[in-house]
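This report goes through selected strands, helices and single residues of one model. The sequence and the structure come first.

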Amino acid sequence: MTTEKVFHNDQYLKTLEVTITDIVISNEMTEIITDRTIFFAEGGGQPGDRGTIHLSDDSSKIVTIFDTHDSGDAVTHYTNDEVPFTVGDKVTLELDWTFRFTNMQRHYGEHILSGAIYKLYKGANKGFHMGQNYITIDIDLGGELMTEEMLEASEDLANEAVWANLPIQAHKFASVEAANDMPLRKAVNEKVDGDVVVVTVGDPENPFDCCACCGTYPSFSGEVGVIKIFKAEPNKGMTRIYFDCGRNALLHYRKSHKLLTEVAEKFSSKPENLMHAIAKKDKEEAELKAERASLAEYVRNFEAEAIARSLESGMNFVYKEYDNISPNDLQKLGFKALEMIDGEKPLLALANSPSHTLMLVSDGNYPCGTLVKEHAKNFGGKGGGRDDNARAQFDSRDGLESFVEVIKQNL
């Protein structure tokens, strides 16, 4: 069973009347095969087309096509709808043109950007993926990575080719050998069978880009609109470039600019002054952190002195609660207090009340970590630590207080 791929001859045909040659129904989906199609079958990194199929003499009998693949010599249209057709029916195919044209822009934007990189640096495209939110290509420069300057130069040259509105043309060859006589940036694999389609951007004798292609393409480079690189990163010794083209590049810019504007407004700044505003805010934050650290040290010293003064002779355990001192600061407070205590050091149990967190601090004579490990879980707590300090956090105040009582009894 064979399907004539009309989209290879007319990329802009949006509707077509065809005849159904097979319908395969399964639990997951239904496959519809027709004698001809304008739906591009997924291949070469380009997604399969979407759209609808309706009965030619009754447009109310319609199904939605969510994907299209090759199936041998046939093209299979996939639907999740109940199919109101039978084999032999005349039906009309209608493309989701926005989806198709967006993919044409993205597909040939990738060709043009790859061509620009090859022209400038002889970089070879060794990987291509067309995702929903971006396209990626992996550029091999023999182990060298592309710099920011190289990326900008490639982006500039690619967009110059777009704005020059160069013709894009397909050339069909009966053999790989004949196709490889073209000025290709990448030779066609010798294992390819059948006809080979080579697409040129610009003058076929001296093209901006020349590459074998099985996808759909616009007639002129200007239809790509714009090519925008988002970022690049190392990948297996190559440079992976993230970018997009045409409509999707516009949507990405629109979303990014909206976010930039919202962030700038948060900083009471214009977008162009945002980095200055962030630097100012960073400086203010650093000053506040320094001030907070100084105040925290003052409070720790004050509380440590209070603990040392209140310690009575023979006391081996001190328990205190705090509302506004963090567990980490309580640990520092504990060590500071022990420094101020002469003679035998007690076990300090310092609690952060809001979080039901207890810090045990000692000079090592009381095994803080062991105490937490052996008893905290019995009261809904968890934690751990070393001999000189440990942390235990509880689900409730009752759990914390019960744990403290047990610790007292086990000293």
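A residue counts as buried when its relative accessible area is under 20%. The model described here is predicted.

Strand β3 (residues 30-34) runs antiparallel to β8 and is joined to it by 4 bridges. Within this pairing Ile-33 stands opposite Thr-76. Strand β7 (residues 67-71) is also antiparallel to β8, with 5 bridges between them. Here the bridge partner of His-69 is Thr-76 in β8. β7 and β8 form a hairpin with 2 residues between them. In the turn, Gly-72 has a positive phi of about 70°.

**The sheet β12-β13-β14**

An open sheet is formed by 3 strands in the order β12-β13-β14, with antiparallel pairing. Which strands stand at the edges? They are β12 (168-173) and β14 (209-212): each has a single partner strand, so one side of each is left without a neighbour in the sheet. On average, and with direction ignored, neighbouring strands of this sheet are turned by 20° against each other.

Strand β13 (residues 196-201) pairs with β14 over 4 bridges in the antiparallel sense. Val-201 lies in β13 and stands opposite Asp-209 in β14.

**Two helix contacts**

Two packed helices are described by the angle between their axes and the distance between the axes.

| Helices | Angle | Axis distance |
|---|---|---|
| α1 and α2 (residues 148-163) | about 120° | 8 Å |
| α5 (residues 274-310) and α6 (residues 327-340) | roughly 45° | within 8 Å |

The angle between α1 and α2 is about 120°. These two helices are therefore oblique to each other. Their crossing is right-handed. On the α1 side the contact involves Ile-112, Leu-113, Ala-116, Ile-117, Lys-119, Leu-120 and Tyr-121. These meet Glu-149, Met-150, Ala-153, Ser-154, Glu-155, Leu-157, Ala-158, Ala-161 and Val-162 in α2. By class, this contact has 12 nonpolar, 1 polar and 3 charged residues.

For the other pair, the axes of α5 and α6 cross at roughly 45°. That makes α5 oblique to α6. The crossing of α5 and α6 is right-handed. From α5, the contact takes in Arg-292, Ala-296, Arg-300, Asn-301, Glu-303, Ala-304, Glu-305, Ile-307 and Ala-308. From α6 come Asp-329, Lys-332, Leu-333, Lys-336, Ala-337 and Met-340. The residues of the contact of α5 with α6 divide into 7 nonpolar, 1 polar and 7 charged.

Val-201, in strand β13, has a relative accessible area of 0% and is buried. Leaving aside neighbours within four places in sequence, Val-201 is in contact with Tyr-108, Ile-112, Leu-166, Pro-167, Ile-168, Pro-207, Phe-208, Asp-209 and Ser-221. Ile-112, one of these, is also listed in the contact of α1 with α2. The C-alpha atoms of Val-201 and Leu-16, 185 residues apart along the chain, are separated by 28 Å.

Gln-11 sits in the loop between β1 (4-5) and β2 (15-25). Is Gln-11 buried or exposed? With a relative accessible area of 7%, Gln-11 is buried. Not counting residues up to four places away in sequence, Gln-11 touches Trp-97, Arg-100, Met-104, Gly-215, Thr-216 and Tyr-217. Gln-11 and Phe-101 are 90 residues apart along the chain, and their C-alpha atoms are separated by 9.2 Å.

Asn-248 belongs to helix α4 (residues 246-266). Its relative accessible area is 17%, so Asn-248 is buried. Apart from neighbours within four places in sequence, Asn-248 is in contact with Thr-102, Arg-106 and Gln-132.

How values were computed. Residues numbered from 1 in each chain as written. Predicted model: local features only at pLDDT ≥ 70, side-chain atom pairs only at ≥ 80, totals over all residues. Heavy atoms only, no water. Axes fitted to C-alpha atoms, helices over the stretch in contact; angles between N-to-C directions. Parallel < 35°, antiparallel > 145°, perpendicular 65-115°, else oblique. Left-handed = near helix turned anticlockwise from the far one by under 90°. Contact = heavy atoms within 4.5 Å. Nonpolar A, V, L, I, M, F, W, Y, C, P; charged D, E, K, R; others polar. Pairing = 2+ DSSP bridges. Buried < 20%, exposed > 50% of the residue type's maximum accessible area, 1.4 Å probe, protein only.
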